[in-house]
Amino acid sequence: GKGPHFLWQLATDETGAQIFGSGGGTPLITTVFLNGFEVAVAVLPGGYGAAATPGACARPTDVTTYASGYKPRASVRCYAAPSSKLARSLTIVRLDNGKILRTFRRDPAEVPKLRDNNLVTTAALDSPLTGQPVPFPSEVGAVADRIFIGDQDGALWRVTLAGAPADWKMDLFFDTFPGDGTFLHGPNDGQPIVTPPIISVDAIGNLTVAVSTGDQEALASPPGTVNYVWSLTEKPNAARTKFDAVPNWHLDFKDSDSGVRVIGTMALFSSVLYFAAMDTPDTASLGACAQGVGRVYGMHYLDPNGSATAGKGGEVQPGFKDTLGATDYIPAADILGSTSAEAFFGGVSIGQQPVCENPGTGGDDEYFKYGAHYALGTPTGGKFTLFVSTGSTVPNPTRPDITAVNQGNSQAVAVEIPNPAVVTRVDSWAAIVE
């Protein structure tokens, strides 16, 4: 018959044994190069498992190491329940028929049937993979050669898709809660990476990754919770034997900002990383319905704001300090013209207004004398805008660069951002002779 057809469903192996965690993760659809063909695949995170058990569980000895100051923690929370062990996995399947091409596991014995069918690659996974996988390159139809995904304890993992599926590798790219130097994070400090990493390249083609940590479900964070935004560049190590994550800058939410975390997906546009954040609700004075106060950041995706290790993030872009210049972000009071603690921001996105063309002057067609001929008018380029979901359409009247918009049933404000620089390249020359 006509219409869509059900193709496949994957939850167990052929013996009926569960192969994923107890809660699903957000999948990815991308393209890989397989046996000389471009093949569409689905990338399936293990998802959520049972809550961590008390204690510190040592990481496998083969996790990636980094320069002093950014080494990963030696141990993380313990995930001993069967559902948690199954959630420590990433499975890549063909999109057309659901056939498993490769699954990455801490212990192949957790899925004996897949192990016996030679479908398992051992990886040093130690926490459930709850993040959203992102490929590189990420353009529609592009063949991915790497995939990045975050886990429930703040570790960012990289899958290298070189060669046949049996040759694919998965390794720890970066621990966003380092365990040495000025950080000294312990096993229970990690926070989940839920929002998708933002992948790009620098001026010479090195891959860059921007990643944030923080729970996206609960409005309030426990006292003392620390979260981060990291800007990383993938570069070869000194021996040129592998590619490591080299931090460009980090933005830390701690001390007086304890409990702050990024809300929603970040956006990278014209070398600027934009994102919204929320602080911990003031339930003591505002009651149980308090939801925190929003803020919006605009930072260069590579250049640090002062020292790269100062925890102040990237170079702040014009217009993204508060009115008094006291903070390196736009607070809710600047956006909405109110100090209300109920200014919840739900994330950011980039858009462009339509290009408008002013009609030219009319006159007779000088060639055919048929009808009127209008000269080309002056086009007005559409401005690029940062949209922030606010739940209110009352922008601050002292900020003319911030206007109210209505996105269907969602209230938001629009913040003007500079148009990207356009580089003109001469492709060819031609002579025209009349």
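Which residues have the most contacts inside the largest nonpolar core? The legends below take up this question and then turn to other sites in the model, which is predicted.

**View 1. The largest nonpolar core of the predicted model.** This core has 24 residues. Those with the most contacts inside it are Leu90, Ile92, Phe104, Trp157, Leu161 and Met170. Two or more residues each come from strand 1 (28-34), strand 2 (37-45), strand 5 (89-94), strand 6 (100-105), strand 9 (146-150), strand 10 (155-160) and strand 11 (169-175). A second, separate core of 23 residues includes Met278, Val348, Phe384 and Val415. In soluble globular proteins, nonpolar side chains tend to be buried together.

**View 2. The surroundings of leucine 90.** Neighbours within four places in sequence are left aside in this view. Leucine 90 is then in contact with Val43, Leu44 and Pro45, with Arg102, Thr103 and Phe104, and also with Leu129, Ile149, Val159 and Met170. Among these partners, Phe104 and Met170 are listed with Leu90 as residues with the most contacts inside the largest core.

**View 3. The disulfide between cysteine 57 and cysteine 78.** The structure holds 1 disulfide, in which the sulfur atoms of cysteine 57 and cysteine 78 lie 2.0 Å apart. The pair links distant parts of the chain, 21 residues apart: cysteine 57 belongs to strand 3 (residues 53-58) and cysteine 78 to strand 4 (residues 75-78). Because the torsion about the S-S bond is about 115°, the disulfide is right-handed. Cysteine 57 is partly exposed, at 33% relative accessibility, whereas cysteine 78 is buried, with a relative accessible area of 8%.

View 4. Glutamate 38 lies in strand 2. Its relative accessible area is 55%, and the residue therefore counts as exposed, the cut-off being over 50%. When residues up to four places away in sequence are not counted, glutamate 38 touches Thr31, Val32, Phe33, Gly141 and Val143. Glycine 141 is 103 residues away from glutamate 38 along the chain, yet their C-alpha atoms are separated by 9.1 Å.

**View 5. The largest pocket and its lining.** About 290 Å³ of space lies in this pocket. The lining comprises 20 residues, of which Gln191, Pro192, Asp215, Pro222 and Thr225 are the closest to the centre of the pocket. By class, 7 of the lining residues are nonpolar, 9 are polar and 4 are charged.

Definitions and conventions: Residues numbered from 1 in each chain as written. Predicted model: local features only at pLDDT ≥ 70, side-chain atom pairs only at ≥ 80, totals over all residues. Heavy atoms only, no water. Core = buried A, V, L, I, M, F, W, Y, C linked by side-chain atoms within 4.5 Å. Buried < 20%, exposed > 50% of the residue type's maximum accessible area, 1.4 Å probe, protein only. Helix = DSSP H or I, 4+ residues; strand = E, 2+ residues; numbered from the N terminus. Contact = heavy atoms within 4.5 Å. 1 Å grid on protein atoms, 1.4 Å probe; cavity = no way out; pocket = protein on both sides within 12 Å on 5 of 7 lines; lining within 4 Å. Points joined across faces, edges and corners; volume = space filled by probe spheres on them. Nonpolar A, V, L, I, M, F, W, Y, C, P; charged D, E, K, R; others polar. Disulfide = S-S within 2.5 Å.
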